[in-house]
Structure formats: C-alpha cells, structure tokens
Amino acid sequence: MKYTLPQLDYPYDALEPYIDRQTMEIHHTKHHQAYINKLNEVLERNPEIAERPVEDLLRNLSSLPISEEDKTLIRNHGGGHVNHSLFWKIMGPKKQVDEALKRQIEEQFGSIEKFKEIFEKTAISHFGSGWAWLAKSPEGKLEVFSLPNQDSPYLKGYEPIIGLDVWEHAYYLKYQNRRAEYVKNWWNVLKVL
Ligand code: MN3
C-alpha cells in the first residue's frame with residue numbers, strides 16, 4: 001500500500017484568521033507529505049506488513065516482524081500520517097457538530113466547557129512537541145491526555161477522536177511562542193464541536 005497526501009475539504013486560507021494560509025499550506029504539503037514519504041519507504045522494504053492498515057500497525061507495533069529501527073519509523077511517520085489526516089478532517093470553516101460526540105462529552109465531563117478547560121490545560125502544559133488528545137479507551141470511555149512527538153493513541157489501544165497538534169510548526173508563523181493563544185483560538189476551527 002502506498003499512501004498519498006489526502007486532499008483538504010477546504011482551501012488553505014479557509015481557517016483564517018485563526019490558522020493562517022501559509023501555515024496550513026506548509027503544514028499540509030511539506031510536513032504531512034514528509035511523514036507519508038518516510039512511511040512509504042518503510043513499507044516498501046517490509047512487504048510483509050505493507051498491506052495492513054497503518055492504524056493496525058500502530059496498534060500492534062511491538063509484535064511486528066520488522067527491525068526495531070523500522071518500528072520507530074512507523075511510530076513516528078505512520079503516526080504522523082494518521083494524526084494529520086484526522087487533524088484536517090475535524091477542522092473546517094463551518095461548524096458541523098457531531099451531536100453524539102457532544103452528548104458523550106457532556107455525560108462524561110459534565111459540560112463542553114469543562115471538557116475544553118481540561119483539554120486546553122493539557123495542550124498548553126504539554127512540554128515540547130506533541131499532541132493533545134481526546135481518545136476513546138478500549139472500554140469505550142473518553143479520556144483527555146497528551147502524547148509526545150507523533151505518538152498516536154492507537155499505540156496504547158485507544159481510538160483518537162479529537163487531536164490538537166502543538167508542534168511549533170502548527171502555529172509558529174502566526175503565534176510565535178504564544179501556544180495558549182493558538183489553543184484557545186483553535187476551538188473556532190474545530191468543526192465537530
Ligand atoms: Mn503537524
């Protein structure tokens with residue numbers, strides 16, 4: 001299986017003023033593309049796992065019949081591909097609220113506002129590069145946590161639902177070191193809530 005860069009459902013400037021056009025374009029065409037290229041290279045030299053969906057590779061990473069070095073590459077670049085693919089999909093210029101998800105968040109966190117508070121705190125306090133996640137546990141419970149680098153919730157058996165990229169490449173051009181401002185503004189372009 002060879003992965004290709006997924007198209008966005010909206011133009012690069014559609015998330016302005018919260019995420020600027022240049023950041024979106026570089027993030028999509030350079031950063032995401034680079035993860036895909038590296039992922040494809042690993043799959044090419046490991047044909048025995050190449051046809052398995054990348055989510056499945058991440059879920060079963062430790063038991064894959066490949067070198068430790070290639071496992072690390074799948075973790076970083078397979079994770080990078082899966083994480084960014086979700087990121088583009090949950091954002092948009094127009095709200096398209098997922099009512100079932102909203103209800104489940106309200107049930108588990110008390111309110112959307114309470115959930116946002118926890119998620120923001122997690123995203124802002126994450127040290128270094130990584131992602132803040134809302135993910136579903138194997139038992140079906142929603143949880144908020146952050147993971148470093150491009151680690152996917154699939155690595156721990158969770159299903160990613162909402163992910164916020166807090167790598168500097170996601171916000172630096174517009175926000176420089178003001179991550180908190182980026183995180184707070186991001187709710188405006190998260191279309192599912
Ligand atoms: Mn990124």
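This is a predicted model: local features need pLDDT of at least 70, side-chain atom pairs count only at pLDDT 80 or more; totals for chains, interfaces and linings use all residues.
Residues are numbered from 1 along each chain as its sequence is written, and side-chain values use heavy atoms, with hydrogens and water left out. Local features need pLDDT of at least 70 and side-chain atom pairs count only at pLDDT 80 or more, whereas totals for chains, interfaces and linings use all residues.

The chain is divided into domain 1 (21-90) and domain 2 (99-186), with bounds that come from an automatic or database domain assignment. The centres of the two domains, taken over C-alpha atoms, are separated by 20 Å. Domain 1 and domain 2 each bring 20 residues to the contact, where contact means heavy atoms within 4.5 Å.

A manganese ion is coordinated by His-27 (NE2), His-84 (NE2), Asp-165 (OD) and His-169 (NE2), at 1.9 to 2.2 Å. Donors are N, O and S atoms within 2.8 Å of the metal (3.2 Å for Na, K and Ca); water is not among the atoms, so sites may look incomplete. Along the chain the donors of the manganese ion follow the spacing H-x56-H-x80-D-x3-H. Because His-27 lies in helix α1 (residues 21-45) and Asp-165 in strand β3, the pair ties together parts that are 138 residues apart in sequence. Helices (H or I, at least four residues) and strands (E, at least two) are DSSP runs, numbered from the N terminus. His-27 and Asp-165 are both buried, a term for under 20% relative accessible area, with exposed over 50% and partly exposed in between (1.4 Å probe, protein chains only).

A nonpolar core is a set of buried Ala, Val, Leu, Ile, Met, Phe, Trp, Tyr and Cys residues joined through side-chain atoms within 4.5 Å. The largest has 43 residues, of which Met-91, Phe-119, Leu-134, Ile-162, Leu-164, Tyr-182 and Trp-186 touch the most other members. Two or more residues of this core come from each of α3 (68-90), α4 (99-109), α5 (112-125), β1 (130-136), β2, β3 and α7 (179-186). Strand β1 gives the most, with 5 residues. Since domain 1 and domain 2 both give residues to this core, it lies between them. Leaving aside neighbours within four places in sequence, Tyr-182 is in contact with residues including Ile-19, Phe-87, Leu-164 and Asp-165. Another core, of 16 residues, lies apart from the largest one and has Leu-39, Ile-49, Ala-50 and Tyr-154 among its members.

Rings of Phe, Tyr and Trp (its six-membered ring) pair if their centres lie within 6.5 Å; planes under 30 degrees apart count as stacked, over 60 as edge-to-face and the rest as tilted. By this rule there are 13 aromatic pairs. Phe-145 and Tyr-158 are edge-to-face, at 5.4 Å centre to centre and 90° between the planes. Phe-145 lies in strand β2 (residues 142-148) and Tyr-158 in the loop between β2 and β3 (159-165), so this pair ties together parts 13 residues apart in sequence. Both residues, Phe-145 and Tyr-158, are buried. The pair of Trp-186 and Trp-187 is tilted, with 5.8 Å centre to centre and 50° between the planes; Trp-186 and Trp-187 are buried. One aromatic cluster includes Phe-87, Trp-88, Trp-186 and Trp-187.

The charged end of Lys-156 sits over the ring of Phe-145, 3.9 Å from its centre; the criterion is NZ of Lys or CZ of Arg within 6 Å of the ring centre and within 35 degrees of the ring normal. Lys-174 lies over the face of Tyr-175, at 5.8 Å from the ring centre.
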